[in-house]
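Let's take a walk through this one together.

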Amino acid sequence: MLKTFKLGGVHPAENKLSEHKAIEAIEAPEKIYVPLGQNLGAPSVAIVQKGDKLKTGQLIAKGEAFISASLHSPVSGTVEKIDTHVDASGYRRDTIIINREGDEWEEGIDLSKDLIKEITASSEEIIEKVKACGIVGLGGATFPTHVKLMIPKDKKAEYLIINAVECEPYLTADHQLMLEKGDEILVGVQILMKAIKVDKAIIGIENNKPDAIEHMNKVASNFAGITIQGLKVKYPQGAEKQLIKACVNREVPSGKLPIEVGCVVQNVGTAFAVYEAVQKNKPLIERIVSVTGKNISKPSNFQARVGTPISLLLEKAGGMPEDTGKIINGGPMMGKAINSIDIPVTKGCSGILLMDKKEALRATEYNCVRCGRCTTVCPMGLEPFLLGLAGENLNWEIAEKENIMDCIECGSCQFTCPSGRPLLDNIRLGKYKVGQIIRNRKN
Amino acid sequence: MSLLTVSGSPHVHDKDNVTRIMRIVILAMLPAFLMSAWMFGMGAVKVFAVSIAACILFEWLIQKFLLKGKSTIGDYSAIVTGMLLAFNVPSNLPIWILIIGALIAIGIGKMSFGGLGKNPFNPALVGRVFLLISWPVQMTSWPKPLGIASPLTDVITGPTPLGILKESGNVVDAMGNPAMPDYVQMFTGQMAGSVGEISAIALLIGVAILLLTRVITWHIPVSMILGAVLFSGALWMVDPTMFVDPIFHLLTGGMLLGAFFMATDMVSSPMTKWGMLIFGFMIGVLTILIRTFGAYPEGVSFAILIMNAFVPLLNKIKPKRFGEEVKNG
Ligand code: SF4
Ligand code: SF4
């Protein structure tokens, strides 16, 4: 039986243009740019210097803060310099720039294709390994995975929920990964189950990927405790709280984390990275990136090393079309528009989406016609028109009272608004301000 | 390299927009218009054309010379107001009165609040009620539906079914009146009344269009009809000689026009489902209350305007929040 979440949701056109395109590994370019701030939380701290010789997979920056992650060299070569370079935020940020020389891997990393099913590491060892390998949430959130696996003393996890929803239009990286690496993913899921000490895992997949559901079901029959849950297509089902609601019908309370209802959610790509880290000793230095868009001649799913400039990916996908008006890092609902093709692939880059000049334009703006559709589609049960208005009028009291901090920035409201109101722009501003106010109050 | 647009997410938008919604509303009103043109002839066509033209013109003038803003007539909402106003007057209404109605509807009902989306009341109803109070005789002299051949002037007028009922004071006498149409005639529109309200079947086609295209949801029409049927049904069961049955109420006057096209105006109706249900139900009840015990034979317009005023209050009803803390206590 297909499940879904109850409150709100929208159905944007799926446009999965790169669907079923086999994963294609692309060779790293001569020069690689590794930004130090790739994860949610504190940036990593560089431990290499100009002129240092590096091997592929060697530790180059440490995650020192509690919420931070380590970085490893995606190639072998020499550190050219540590300088600023433009990243997805549009700003120049600290970046380790490496000149590639061949591809010589660090000792002890297993590059064979053999599947290793047996899990010998203990829960603590798994979490240590995940941390050492710099794994972060690969769905796009880039929250350091080891932090999520450390269950607070007074809480108990009951379910591991694997997010294989890929509810963003256009993106197909997770879908293709499931088709090609089903076994590895399931071993990864078992490792994660062991880490958080649960015996039940649910992999949620939307039924616009029937082949993935079927394939994963077949593979899962060899593993104990893992259920594949088909889900009705509805955006934003890949949002943590909505996915938990859909899979186990529990509601994470406002302002709380999934562990409150006994759940830990991990992305399917993360499960694969965890497999490689724990079973193969391989740090996170590459990922799958969908390169897509209506005018792209060869929509593709690439396996790219972290630090590869996006320009190279575009070249491999048939070149950047003439009338490109917008480039999005991520999907069309939650991705970020970027201002340069020099930015490198980072751990959180799930896709690069190109839009032409016409698609890049926003809908015509009218006055709010009080149709209430934004309220109907909001998956958090908020009243986006009120929040947007509070943002416009800089009225932070109303914003806070109307629970602006509950907003998951899914964009469903703005997507739906027939008046083309810039709702989420104003809500983001409001969240930023109200967040500040709340923090100040605590201090 | 040419310039790239950088803007916040989401980067895609649903194909629906205000202009499309207005176009669908216009389309949905066409069956009722065609039916009235057939029943009332050129008089209905004239009222229709003048009302729409006047509404567009007044919106354009006010926007240009008083508000000094960008023209808003391109959003089609002035046409919708014009059509609704025309639907709510007799087809032989003197043109100058109609033009004043359009000025009140657009000028006071809509633009004085800041234009589309800001008006608390349905603009067409503001215009209509103003005319009803200022020129009660002209606004309640109903031409008899003669068919397409009816002349532009000197039409024969006759009372509406609700008028006959009010006049008679009880059901037995009213039904005995030879001018009273039967239910089939009412359903198809062969009775005296305002331009757009006479034909239930044409209005039903219209509402089907609105529902199928998701321009409106079922909540307001259904709850309004339910409110009217339950209340009039209760009265009718108490004394069927004094109070007429619910079907009569549904098929006469502006009940269906109001339920489908006027109470559902998104700007002046509540935002949440529960708000809409209460709003609709109360309009239904108030309409029957005014028709049965009030001074006017018809009460839909007043009922809608009264409930429009309650919308800010009804909007205090909050949707259910995700993960709302359960209050222990
Ligand atoms: S962006 Fe925020 S307010 Fe808008 S629909 Fe999503 S959760 Fe609701
Ligand atoms: S969807 Fe847009 S027009 Fe409708 S109520 Fe919300 S903000 Fe207003």
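Three residues stand out on the chain A side: R370(A), R373(A) and F415(A) supply 15% of the area that chain A buries against chain B, more than any other three residues. If you'd rather count residues than area, 62 residues of chain A are in contact with 42 residues of chain B.

Keep in mind that this is a predicted model. The predictor gives the complex an ipTM of 0.87, along with a pTM of 0.90. For chain B, the mean pLDDT is 88, with 95% of its residues at 70 or more.

Now move into chain A and find strand β2, residues 31-35. Of its 5 residues, 4 are buried, so the strand is largely enclosed by the rest of the structure. Which strand does β2(A) run against? Look for β8 of chain A, residues 92-100: the two are antiparallel and joined by 5 bridges.

Next, look at a separate bit of chain A, an open sheet of 3 strands in the order β3-β5-β6, with antiparallel pairing. Its edges are β3(A), at 45-46, and β6(A), at 71-72, each of which pairs on one side only. Follow β5(A), residues 59-62, across to β6(A) and you'll find 2 bridges holding an antiparallel pairing. One handy landmark here is L59(A), whose bridge partner in β6(A) is H72(A).

Finally, head for helix α6 of chain A, residues 268-280. How does its length compare with what you'd expect? With 13 residues at 1.5 Å a residue, α6(A) should span 18 Å, and its end C-alpha atoms are 18 Å apart, so the two agree. The helix is mostly covered, too: 13 of its 13 residues are buried. In an α-helix there are 3.6 residues a turn, so residues three or four places apart point the same way.

Both ends of α6(A) are worth a zoom. At the start, a side-chain oxygen of N267(A) comes to within 2.6 Å of the backbone nitrogen of G269(A). Just past the other end, N281(A) adopts a positive phi of about 65°.

Conventions: Residues numbered from 1 in each chain as written. Chains lettered and ligands numbered in written order. Predicted model: local features only at pLDDT ≥ 70, side-chain atom pairs only at ≥ 80, totals over all residues. Heavy atoms only, no water. Buried < 20%, exposed > 50% of the residue type's maximum accessible area, 1.4 Å probe, protein only. Pairing = 2+ DSSP bridges. Expected span 1.5 Å × (residues − 1). Polar contact = N/O pair within 3.5 Å; in protein donor to acceptor, adjacent residues only side chain to side chain. pLDDT = per-residue confidence, 0-100. Contact = heavy atoms within 4.5 Å. Buried area = accessible area lost by both parts, 1.4 Å probe.
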